Amino acid sequence: MEQRKVRVRFAPSPTGPLHIGGVRTALYNYLFAKQHGGDLIFRIEDTDSGRFVPGAEEYIIESFRWLGITFDEGVSFGGAHGPYRQSERRDIYKKYVKQLLDTDKAYIAFDTPEELDQKRAEVENFQYDASTRFSMRNSLTLSQEEVDALIASGHQYVVRFKIEPGEDVHVDDIIRGDVKINSSILDDKVLYKSADELPTYHLANIVDDHLMEVTHVIRGEEWLPSAPLHVLLYRAFGWADTMPRFAHLPLLLKPVGNGKLSKRDGDKLGFPVFPLEWHDPKSGEISSGYREKGYLPQAVVNFLALLGWNPGNDQEMMSLEEMVKLFDLSKCSKNGAKFDYVKAAWFNHQYLVQQPDADWAPAFGKVLAAQGIEATDEQMTEVVRLMKTKVIEYVDGQGNKKKRNISFASDLWPLTRFFFVAPTEFDAEDKFIKKNWKETSADEMRQLMQVLEGIDDFSAEGQKAVVDPWTEQTELRPWNAWRICLVGAGQGPDMYELAAFLGKEETLRRMQFAIDTLG
RNA sequence: GGCGCUUUCGUCUAGCGGCUAGGACACAUGCCUCUCACGCAUGGAACACGGGUUCGAUUCCCGUAGGCGCUACCA
């Protein structure tokens, strides 16, 4: 077989916001395409008119724009294989449905959904297949005249795929190897419904992948059971020689407990399952997004890439470009991965700390503004420089108190409040204050104030040059008490740095206040 | 129920017949230190079970058990 240009696709259904698992599937498609110098296609699979959600398509496009995953063609990107929205391809599908009908690979069925429901209620494990289709109402049991008459009189119908039983169908999966299923357990899948003149997923998928010259189908494991059906469809159309190669990715699972990752898990444990915040147009419900939560897109991409794949060495931090080089579908793991949101936060911490301090300003500015505080970019950059390596306390999903690195700009506020707001009271029960504010502290602070007052260069270095020798000379260790004055607690950065940030005037003012209050 | 996929530390995983079973997150301890940290160092922690095959199985095969998925006129 001649070498075809690699072409893959990501084809979501616009039924709501893009799930994080879908993001990973798209990412793997992207990595695979780029690595092989191929194309990534963005196709919208809106064959279920009843589940269409307005805004979902735009949401998905915006999500990928934010994540930095780019498409070569598709809805909103153009291309020579369009249209890329399945609802706009009705005529194409009709042609291929006819082909299947004409070649006796499919048949028309008039059984209504209600009739089928009833059948399923009557017959245990009822399946519409070779064993039952001759007892149903379809073009195999009705005469041509009857069929024509029913259609002419406006009866709705579906087209079903006629699956020949008793054959072992092999699917050659890049990740899982040879997967074999016997065709007898497959049912005569509905390929087309006259009610909305649209095909179902299975038909549209095969036709589009063929017409769009897709070479590799990389999708979630939930599609593995229907892969044999798809193989059969390629054969029925006579496209077996250009059938794409399949790769079925393991699923993303709940962080705790059993089952696959759902929106509810995110809500419960406090992490997003969507890339962007989503406002449901019907219910008005708002679901949190990684972007709004304060994640950097590179961190999300990096974390997601490693959920089900790794480069085979110990490297974890990788740019998109590096991943393109290292990615290998055959090295993908086969079993589902529990979603570890603590590690996701760790990745974000890594990327956050790596970026220039000044880059925090926009996000940090919003956090401060929410507290009614205005700060200059220079001030924010300085605070970030001093505080970005600290940790915050938080409560995990089980209600346990934990500590973690600063992983989001919003983590900064509880740790940096004192930069902008002076202490107004001192907690007498605070261990640090109890231990470090002694009888002599007030007097020591008065002495320190005098020393500080005489310093002209109030930078951290300038203070250090004067205060350090003074502490050695007097054998005083004033830092913890000084910290109480300026911070009001046992936290914060180096004292000289903090005092420099506050300025001489504010530093002395806070010291005087503490002396007056604590005595 | 049927069919399929899957099973290495708590979690993500490396391993592709012979290793003291490696790394990362998380956890614990120590060093550093003006607080809390960061960082660095150290530590505890895993091959689901039972049969084979083999000189030798975490690795290959078969069962069992667990997990996951599919079983629609949804994708």
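1. Conventions. Residues are numbered from 1 along each chain as its sequence is written, while chains are lettered from A and ligands numbered from 1 in the order in which they are written. Since the model is predicted, local features need pLDDT of at least 70 and side-chain atom pairs count only at pLDDT 80 or more, whereas totals for chains, interfaces and linings use all residues.

2. Domains. Chain A is assigned domain 1 (7-77 + 205-253), domain 2 (92-193), domain 3 (356-419) and domain 4 (431-518); the bounds come from an automatic or database domain assignment. The centres of domain 1 and domain 3, taken over C-alpha atoms, are 39 Å apart.

3. Surface near RNA strand B. Strand E17 gives the most, with 4 residues. Helices (H or I, at least four residues) and strands (E, at least two) are DSSP runs, numbered from the N terminus.

4. Composition of that surface. The residues divide into 23 nonpolar, 21 polar and 21 charged. Here Ala, Val, Leu, Ile, Met, Phe, Trp, Tyr, Cys and Pro count as nonpolar, Asp, Glu, Lys and Arg as charged, and the others, Gly among them, as polar.

5. A sheet of 3 strands. This open sheet has the order E1-E2-E3 with parallel pairing; two strands pair if DSSP finds at least two bridges between them. Strands E1 (7-10) and E3 (73-74) are the edges, each pairing on one side only. Strand E2 (residues 39-42) is joined to E3 by 2 bridges, and Ile41 has Glu73 as its bridge partner in E3. Helix H1 (residues 20-35) packs on the sheet and touches E1 and E2, its direction making about 165° with that of E1. Contact means C-beta atoms, placed from the backbone, within 7 Å; axes are lines fitted to C-alpha atoms, for helices over the stretch in contact, and angles run from 0 to 180 degrees between N-to-C directions.

6. Backbone points to check. The peptide bond from Gly82 to Pro83 is cis, with omega near -5°, and Pro83 lies in the loop between E3 and helix H3 (90-102). Asn125, although not a glycine, has a positive phi of about 55°; Asn125 sits in the loop between H4 and helix H5 (144-152).

Methods. Contact = placed C-beta atoms within 7 Å.
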